[in-house]
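Please examine the sequence and the coordinates shown here before reading on.

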Amino acid sequence: MPQWNGLLLGATCLIQFLVSLSIDQRYERAGFLRHYFWVIWYPLLYWVLSTLTAVVAVPRTLLASRRQRARWNSPDRGIQP
């Protein structure tokens, strides 16, 4: 079970979502409460994706056998000086 600070954080997040959706209701008339149910999945997906990216990228970077610098090669955009 979450502690009081986790519940406070979750309640604050849901209140912020409710306020933002009520402001957006002026432009999007249909489906106000329908969107409120699905809006909680965005931060969850964001945190999970960020965690998975860090778990995969950090060991891959630290344990890489070749020590080369990364260099960006910009594609030709056809701009003439």
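The following paragraphs treat confidence, fold, surface and selected residues in turn.

This is a predicted model, in which local features need a pLDDT of at least 70 and side-chain atom pairs count only at pLDDT 80 or more, whereas totals for chains, interfaces and linings use all residues. Residues are numbered from 1 along each chain as its sequence is written, and side-chain values use heavy atoms, with hydrogens and water left out. The pLDDT is the predictor's confidence in each residue, on a scale from 0 to 100. Its average over the protein is 81, and 93% of the residues score at least 70. Where pLDDT is low, the predicted coordinates should not be read in detail.

The secondary structure consists of three helices and zero strands; helices (H or I, at least four residues) and strands (E, at least two) are DSSP runs, numbered from the N terminus. From that terminus on, the elements run α-α-α. The radius of gyration is 22 Å, well over the 12 Å that the globule rule gives for 81 residues, so the protein is more spread out than a compact globule. This radius is taken over C-alpha atoms, and the globule rule is 2.2 Å times the number of residues to the power 0.38. Along its principal axes, the C-alpha trace spans about 50 × 45 × 15 Å.

Of the 81 residues, 4% count as buried; buried means under 20% relative accessible area, exposed over 50%, and partly exposed in between (1.4 Å probe, protein chains only). The protein exposes about 8,300 Å², of which carbon and sulfur atoms supply 65%. Accessible areas come from the Shrake-Rupley method with a 1.4 Å probe; for residues, only the protein chains shown count as cover.

A nonpolar patch lies on the surface, with about 1,200 Å² of accessible area together; its members include Leu14, Phe37, Trp41 and Leu52. Like charges are joined within 9 Å, and nonpolar side chains (Val, Leu, Ile, Met, Phe, Trp, Tyr) within 5 Å. Helix H2 (32-38) and helix H3 (41-62) each supply at least two residues of the nonpolar patch, and H3 gives the most, with seven. Tryptophan 41 lies in H3 and counts as partly exposed because its relative accessibility is 43%.

Helix H1 (residues 4-24) contains asparagine 5, which is partly exposed at 45% relative accessible area. Leucine 9 is also found in H1, and is exposed at 61%.

Definitions and conventions
Patch = residues over 30% accessible without salt bridge, like charges linked within 9 Å, V, L, I, M, F, W, Y side chains within 5 Å. Salt bridge = Lys/Arg side-chain N within 4 Å of Asp/Glu carboxyl O.
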